[in-house]
Amino acid sequence: MSAKVIDGKAIAQNIRLSIKEQIEKIREDGKRAPCLAVILVGNDPASEVYVGHKKKACASIGIESRSLELPGDISQDELSKHVKALNDDPAIDGILLQLPLPKHLIPEIAIDLIDPDKDVDGLTAMNQGLLVWKRPGLVSCTPAGVMELIRSTGVKVEGARAVVMGRSVLVGAPIATMLCNAGATVNCLNSKTVNGPELTRQADILVVATGVHRLVRGDHIKPGAVVIDVGMHRHDGKLSGDVVYDEAKDVAGHITPVPGGVGPMTIAMLMRNCLTAYSKNNL
């Protein structure tokens, strides 16, 4: 058996086209386009690349973007002032703080200063809490993208046994919450879990977000399972994930590739969140 490849690029492109059409309609009605502000602290090369991708994505569908580039030695108080200024600017609909921050800064302080209605990364304690309470809010981009990928398979989530490997606030924890909210029975695995492969072999849906290269092998997977690989690693000049893809594809029913799986969906969900934030206050 060879798994069906979940084409994150194609799914993300369809979402982006839908958002573009909605923004074109907004402009035709004489209203301004949504606007995303991205805060970049310091000159981390990877962060600069990611910010470039996000700005390019915005431009491609009609979302305006502003980039606030701050020095790497900025103080916590000064960073807070910039966040508050963006909160108060009615022309800004979404605020994204590019992580990681320089080591002397505490990201939680800066994140929780972001107006929850402009928190397009879905990382504030308010939006994370709204997710747990099953109330409307802006949802973290990668978890939202993972759920879209799972839905695209047509596999029923309600009643399924799901395993999420990884418990980060950015990815693992919100994915587990979203699967639970959708009616799945969810197990969350971490580095302290005993007999992890025994648990993953029971999963109808397996989401791997550990940050450990090629951790999950083919014999860790239940035949026919949906496997979502959130990991991204550069190894020997090539990108690969947390799952040993060549082994997993012969066992799973559906699987995301790396690259071309979760990555494109994260940016598509960011664009969707920006439109949602705009719509809440302008439509």
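The domain assignment of this protein chain gives domain 1 (30-115) and domain 2 (141-263), with bounds that come from an automatic or database domain assignment. Taken over C-alpha atoms, the centres of domain 1 and domain 2 are separated by 29 Å. Keep in mind that this is a predicted model, in which local features need pLDDT of at least 70, side-chain atom pairs count only at pLDDT 80 or more, and totals for chains, interfaces and linings use all residues. Residues are numbered from 1 along each chain as its sequence is written, and side-chain values use heavy atoms, with hydrogens and water left out.

Let us turn to an open sheet of 3 strands, which has the order 3-2-4 and parallel pairing. Strands (E, at least two residues) and helices (H or I, at least four residues) are DSSP runs numbered from the N terminus, and two strands pair if DSSP finds at least two bridges between them. At the edges are strand 3 (64-70) and strand 4 (94-97), each pairing on one side only. From one strand to the next, the twist averages 20°. Strand 2 (residues 35-41) pairs with strand 3 in the parallel sense over 7 bridges, and L40 has E69 in strand 3 as its bridge partner. Helix 3 (residues 76-88) packs on this sheet and touches strand 2, strand 3 and strand 4, its direction making about 175° with that of strand 2. Angles here run from 0 to 180 degrees between N-to-C directions, and axes are lines fitted to C-alpha atoms, for helices over the stretch in contact.

Next comes an open sheet of 6 strands, ordered 1-11-8-7-5-6 with parallel pairing. Strand 1 (4-5) and strand 6 (185-189) stand at its edges with a single partner strand each, so one side of each has no neighbour in the sheet. Strand 7 (residues 205-208) and strand 8 (residues 226-229) run parallel and are joined by 4 bridges; D229 in strand 8 is the bridge partner of V208. Helix 7 (residues 172-181) lies across strand 5 (161-165), strand 6 and strand 7, at about 170° to strand 5.

Finally, look at helix 1 (residues 8-28) and helix 10 (residues 262-282), which pack at an angle of about 20° with their axes 8 Å apart. That makes helix 1 roughly parallel to helix 10, a term for angles under 35 degrees.

How values were computed:
Parallel < 35°, antiparallel > 145°, perpendicular 65-115°, else oblique. Contact = heavy atoms within 4.5 Å.
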